[in-house]
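Subject: Structure for you to look at

Hello,

Here is the structure I said I would pass on. Please open it beside this email, and my notes follow below.

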Amino acid sequence: MLQLLLAPVYKLAGLGLIQGRALMAFFGLLTVILTFYTARLLFNHSIALLATGFIAVENLLFLASRTIRAEIVVTFFTLLAVYLFLLAVKRKSNLFFLLSG
């Protein structure tokens, strides 16, 4: 899946290390944002801000966002599946159950 995500970036911006790292940094940013929404769904706004702060300065997430490897993409999509599942349970929506996998 990582190659399928990198291919359009390389096609648009050219082949290079910076382009691949930019995509990984983007997924790292999305992971931090999704952490906020997941924590807010589970707890409250202040806990969500605290969780977001912790994940934003977490060293392994930072290192995974710097390298062109699948870890950060897997982390994002796993967290997205958890968020959609929690949303499905809360709203009792079959669509969100289906999207969560």
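In which helix is Thr38 found? Thr38 is found in helix α2. Please keep in mind throughout that the model is predicted. The relative accessible area of Thr38 is 6%, and buried means under 20%, so Thr38 counts as buried. Leaving aside residues up to four places away in sequence, Thr38 touches Leu79, Tyr83 and Leu86.

The overall layout

The protein chain has six helices and zero strands. Read from the N terminus on, its elements run α-α-α-α-α-α. Taken along the principal axes, the C-alpha atoms fill a box of roughly 45 × 30 × 20 Å. The chain has 101 residues, and 31% of them count as buried. If you take the contacts between residues at least 6 apart in sequence, 57% of them join residues at least 24 apart.

Phe36, also in α2

Phe36 is another residue found in helix α2. Is Phe36 buried or exposed? The relative accessibility of Phe36 is 13%, so this residue counts as buried. Not counting residues up to four places away in sequence, Phe36 touches His45, Ala48, Leu49 and Thr52. I also looked at Phe36 and Ser46, which are ten residues apart along the chain. The C-alpha atoms of these two residues are separated by 9.8 Å.

Two packed helices are described by the angle between their axes and the distance between the axes. Helix α1 covers residues 2-13, and its axis is 9 Å apart from that of α2. The angle at which α1 and α2 pack is about 125°. An angle from 65 to 115 degrees would count as roughly perpendicular and one over 145 as roughly antiparallel, so α1 and α2 are oblique to each other. The crossing of these two helices, α1 and α2, is right-handed.

Which residues of α1 and α2 meet? On the α1 side they are Leu2, Leu5, Leu6, Val9, Tyr10 and Ala13, and on the α2 side Gln19, Gly20, Leu23, Met24 and Phe27. Sorted by class, this contact of α1 with α2 has nine nonpolar residues, two polar residues and no charged residues.

Helix α4 covers residues 59-66, and its axis and that of α2 come within 7 Å. The axes of α2 and α4 cross at roughly 150°. Angles over 145 degrees count as roughly antiparallel, and α2 and α4 are therefore roughly antiparallel to each other. From α2 the contact is made by Arg21, Met24, Ala25, Gly28, Thr31 and Val32, and from α4 by Leu61, Ala64, Ser65 and Arg66. The contact of α2 with α4 divides into five nonpolar, three polar and two charged residues.

The aromatic rings

A pair of aromatic rings is described by the distance of the centres and the angle of the planes. How many aromatic pairs are there? The count comes to six aromatic pairs. One of them is formed by Phe27 and Phe76, at 5.4 Å centre to centre and with 65° between the planes. This pair of Phe27 and Phe76 is edge-to-face. The pair links distant parts of the chain, with Phe27 in helix α2 (residues 17-42) and Phe76 in helix α5 (residues 71-91), 49 residues apart. Phe27 and Phe76 are both buried.

Phe85 and Phe97 form another edge-to-face pair, with 5.7 Å from centre to centre and 70° between the planes. Phe85 lies in helix α5 and Phe97 in helix α6 (residues 94-100), so this pair ties together parts that are twelve residues apart in sequence. The relative accessible area of Phe85 is 42%, and Phe85 is partly exposed. Phe97 also counts as partly exposed, at 35% relative accessibility. There is also one aromatic cluster, formed by Phe26, Phe27, Phe76 and Phe77.

A loop residue to look at

Where is Lys92 found? Lys92 is found in the loop between α5 and α6. Most residues other than glycine have a negative phi. Phi of Lys92 is near 55°, which is a positive value in a residue other than glycine. Lys92 counts as exposed, at 71% relative accessibility.

Regards

Key
Residues are numbered from 1 along each chain as its sequence is written. This is a predicted model: local features need pLDDT of at least 70, side-chain atom pairs count only at pLDDT 80 or more; totals for chains, interfaces and linings use all residues. Side-chain values use heavy atoms; hydrogens and water are left out. Rings of Phe, Tyr and Trp (its six-membered ring) pair if their centres lie within 6.5 Å; planes under 30 degrees apart count as stacked, over 60 as edge-to-face and the rest as tilted. Helices (H or I, at least four residues) and strands (E, at least two) are DSSP runs, numbered from the N terminus. Buried means under 20% relative accessible area, exposed over 50%, partly exposed in between (1.4 Å probe, protein chains only). Axes are lines fitted to C-alpha atoms, for helices over the stretch in contact, and angles run from 0 to 180 degrees between N-to-C directions. Angles under 35 degrees count as roughly parallel, over 145 as roughly antiparallel, 65 to 115 as roughly perpendicular and the rest as oblique. A crossing is left-handed if the near helix is turned anticlockwise from the far one by less than a right angle, and right-handed if clockwise. Contact means heavy atoms within 4.5 Å. Ala, Val, Leu, Ile, Met, Phe, Trp, Tyr, Cys and Pro count as nonpolar, Asp, Glu, Lys and Arg as charged, and the others, Gly among them, as polar.
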